[in-house]
Amino acid sequence: MSAAPAAVFFALAALASFVVRDAFLLDSLILILLWGSAAAAWNVAGGYAGQISLGHSAFFGLGAYGAAVLGTRWDLSAWIGLAVGAVVATAAGLVLGFLSNRLRGPYFVLATIAFSQVLLIVASRLRAFTAGSEGIPVPFRPGFWTLGLADKRVWVWIVLVVAVLAYLLQRYLDVSRRGYQLAAVREDEDAALSLGVAARRLKVAAIAVSAALTAVTGALWAQYVGFVDPFYVFSVDLSVRFALASIIGGLGTALGPFLGAVLVTTVETYLRAQFGGIGAGLVGIYLVVYGTALIVMVRFAPQGLVGWLRRS
Amino acid sequence: MSLLSVAGVTKRFGGITANRGISFDVAPGELVGIIGPNGAGKSTLFEIISGFYRPEEGDVRLDGVRLTGLSPDRVCRLGVARTFQKLRPFAGLTVLGNVMVGALTRTKDVRHAREQAREIVARVGLEDKADAHARTLSTGQRKRLELARALATRPRLLLLDEVTGGVDQRTIPALVQLVRELHASGLTLLVIEHNMRVITAVTQRIIALHLGEVIADGPPDVVARDRAVVEAYLGQAYTR
C-alpha cells in the first residue's frame with residue numbers, strides 16, 4: 001500500500017495542533033495518537049509476527065510505572081523513566097518471546113494474560129515500592145525535561161512523533177528482508193525454518209520491540225494523565241483495546257492500528273459521555289459495542305478498515 | 001567424495017523405531033529415489049536430514065560438515081532445501097513473496113531477491129500467478145511453488161517429498177520434466193516417490209526402506225525385482 005493515506009492522516013494531526021483550540025478536541029487527538037501508537041506496537045507482535053497477545057498491558061504498565069516511580073521517588077526526568085520502562089519492558093518482552101517459542105495459539109494467549117495479571121498483583125502488593133493498589137499520582141513538574149506540559153499542542157507533537165515512529169517501524173516490516181521473513185514465520189513457522197529463516201530469534205525480537213514501544217506509550221500516558229492505577233494499566237481491558245484497534249483497523253497493516261484507534265477512541269468517548277454518568281446503568285456499554293463491532297468487522301471486513309478502504 | 005553421507009541413523013518414537021541404522025551416500029549430481037511402503041520411515045529420514053528431527057544415533061553430513069543437531073534454518077543455510085509432503089505454502093503471501101523468502105536467505109537485498117524470485121517462478125512455470133496469493137493456487141501449482149521456494153535458497157542438495165502425490169494425472173509429466181531439468185542442471189536430489197513409473201523414469205538409483213531399514217539400494221530394475229522389496233510391498237505370497 002502506498003504511504004499517501006498515512007501522510008494525509010499524520011499531516012492532518014499536525015495541522016490540527018495549529019488550528020484546533022478546543023481542549024476537548026485536542027485531548028481526543030492526543031489519546032487517538034497515543035492509543036494508535038500502542039495498537040501499532042501491539043500490531044508488530046500480533047499482526048506482523050502473528051503472536052496474538054492479550055497481555056500487552058503488562059508492557060504499558062511497566063512503562064507507566066517506570067515514569068511514575070522514577071519521577072516521584074528519585075525525582076528523575078520523565079524521559080529517563082520512559083527509557084528505563086522501555087528497557088524493563090524489553091526484558092519482559094524477551095521472557096514472553098521465549099514463551100511464544102514454547103506455547104502456540106490459545107496457550108500463548110492465556111500465558112500473556114497471566115503474565116499481565118502477575119504484574120498487576122506484584123504492582124498492587126509491593127506497597128513500599130509502587131504505593132500498592134492506591135496507585136501513584138504523577139506530580140506535575142513544569143518543563144519539557146520533566147514532561148510537565150500544560151500546552152496540549154506540545155503534547156500533540158510529542159505523541160505524533162511516537163506515532164510516526166511506530167508507523168515507520170511497521171512500514172519497515174512491510175518492505176524489508178526481516179519483514180518478509182517475519183511474515184513467513186507468521187504464516188508457517190516450520191516452512192520458514194526450512195527456508196533458512198531463524199524463526200525463533202525473529203519472533204522474540206519482534207515481541208521485544210513491540211514491548212518496548214508499548215512501554216513508551218505507557219510512560220507518555222502516565223505523564224499526560226497524571227495518575228497510574230495498577231488495576232487500569234495492567235488490565236486485560238487495556239490489552240483488549242490494543243488488539244481491538246489493531247484488528248478493526250487491519251491486522252498487519254501499518255496504518256490500520258491508527259484508523260482503528262480513531263474509531264475505538266471516538267466511540268468510547270461518545271458512549272462514556274452519553275451513558276457514563278454517575279448512577280447510570282449502562283457504564284459498561286462500550287464493551288458491548290466493542291464486541292459487536294468486532295463481530296461485524298470479522299464477518300464483513302476481515303481485513304479491517306484498511307482492507308475495506310483498499311477494496312472500495 | 002560424497003555430497004550427502006548418512007551413517008547409522010536411528011530414530012525412535014517411544015517404542016517404535018522409525019529409522020534403524022540407515023546408511024547411504026549420495027554423490028554430487030546424483031538423483032536418488034527413496035521408496036518404501038507406508039510407515040517405512042521415508043519421511044522421518046527427510047526430517048532428520050533437514051534438521052527437524054534429531055536422531056538418537058548416527059550422523060548426517062553434507063560435504064563432510066556435520067548436520068546432526070543443527071536447527072533446520074542452519075541446515076538450509078548450509079545448502080539443504082526441502083519440500084513438505086503435506087504442502088505448507090505461506091498462504092497469505094503472494095507466489096512471488098513466498099519465493100522471495102527463500103531468496104532472502106542468500107541475499108540481503110530485497111530488490112535483488114525479487115528479481116531472483118521472478119526468474120525462479122518463471123522457471124517452474126508459475127509466471128502468470130506471480131502476484132496471486134498462495135491460497136488461491138491448485139495443488140499442482142502449490143507443489144511448483146514449494147519447489148520454487150526451496151530452489152530460491154540455492155541448495156546443494158534438494159529433498160523432494162512426493163512431488164507427484166495428490167496431483168492429477170495430467171500435470172504429472174510436467175512435474176517430472178521439471179525434476180529432470182533440475183537434475184540436468186547439476187543439482188543433487190533425493191526424492192521420495194510412491195509412483196514407481198515416475199521414479200524409474202527419472203533416476204538411476206533407488207533406495208528401498210522397510211520398517212525403518214534399508215532393504216535394497218541399486219538401479220531401479222534391480223530394486224524392483226529384489227525379493228525383499230517385493231515382499232515388503234506385496235507380502236510373502238508373491239515372492240517365488
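Visitor: How are α2(A) and α13(A) oriented to each other?

Guide: In this predicted model, the axes of helix α2 (residues 23-48) of chain A and helix α13 (residues 256-275) of chain A come within 8 Å and cross at roughly 135 degrees, and the two helices are therefore oblique to each other. The crossing of α2(A) and α13(A) is right-handed.

Visitor: And which residues make the contact?

Guide: On α2(A) they include Phe24(A), Leu31(A), Trp35(A), Ala39(A) and Asn43(A), and on α13(A) they include Pro257(A), Phe258(A), Ala261(A) and Thr265(A). By class, the contact of α2(A) with α13(A) has 11 nonpolar, six polar and no charged residues.

Visitor: What about Ser246(A), buried or exposed?

Guide: Ser246(A), which lies in helix α12 (residues 236-250) of chain A, is buried, with a relative accessible area of 0%. Leaving out residues up to four places away in sequence, Ser246(A) touches Ala39(A), Trp42(A), Asn43(A), Leu251(A) and Pro257(A).

Visitor: Switching to aromatics, how many pairs are there over all chains?

Guide: The structure holds 15 aromatic pairs. One of them is formed by Phe10(A) and Phe258(A), edge-to-face at 5.3 Å centre to centre, with 80 degrees between the planes. Phe10(A) lies in helix α1 (residues 4-19) of chain A and Phe258(A) in helix α13 of chain A, so the pair ties together parts that are 248 residues apart in sequence. Both Phe10(A) and Phe258(A) are buried.

Visitor: Which residues do ring pairs link into a cluster?

Guide: That cluster consists of Trp35(A), Phe60(A), Trp221(A), Tyr232(A) and Phe242(A).

Key. Residues numbered from 1 in each chain as written. Chains lettered and ligands numbered in written order. Predicted model: local features only at pLDDT ≥ 70, side-chain atom pairs only at ≥ 80, totals over all residues. Heavy atoms only, no water. Axes fitted to C-alpha atoms, helices over the stretch in contact; angles between N-to-C directions. Helix = DSSP H or I, 4+ residues; strand = E, 2+ residues; numbered from the N terminus. Parallel < 35°, antiparallel > 145°, perpendicular 65-115°, else oblique. Left-handed = near helix turned anticlockwise from the far one by under 90°. Contact = heavy atoms within 4.5 Å. Nonpolar A, V, L, I, M, F, W, Y, C, P; charged D, E, K, R; others polar. Buried < 20%, exposed > 50% of the residue type's maximum accessible area, 1.4 Å probe, protein only. Phe/Tyr/Trp six-rings, centres within 6.5 Å; stacked < 30°, edge-to-face > 60°.
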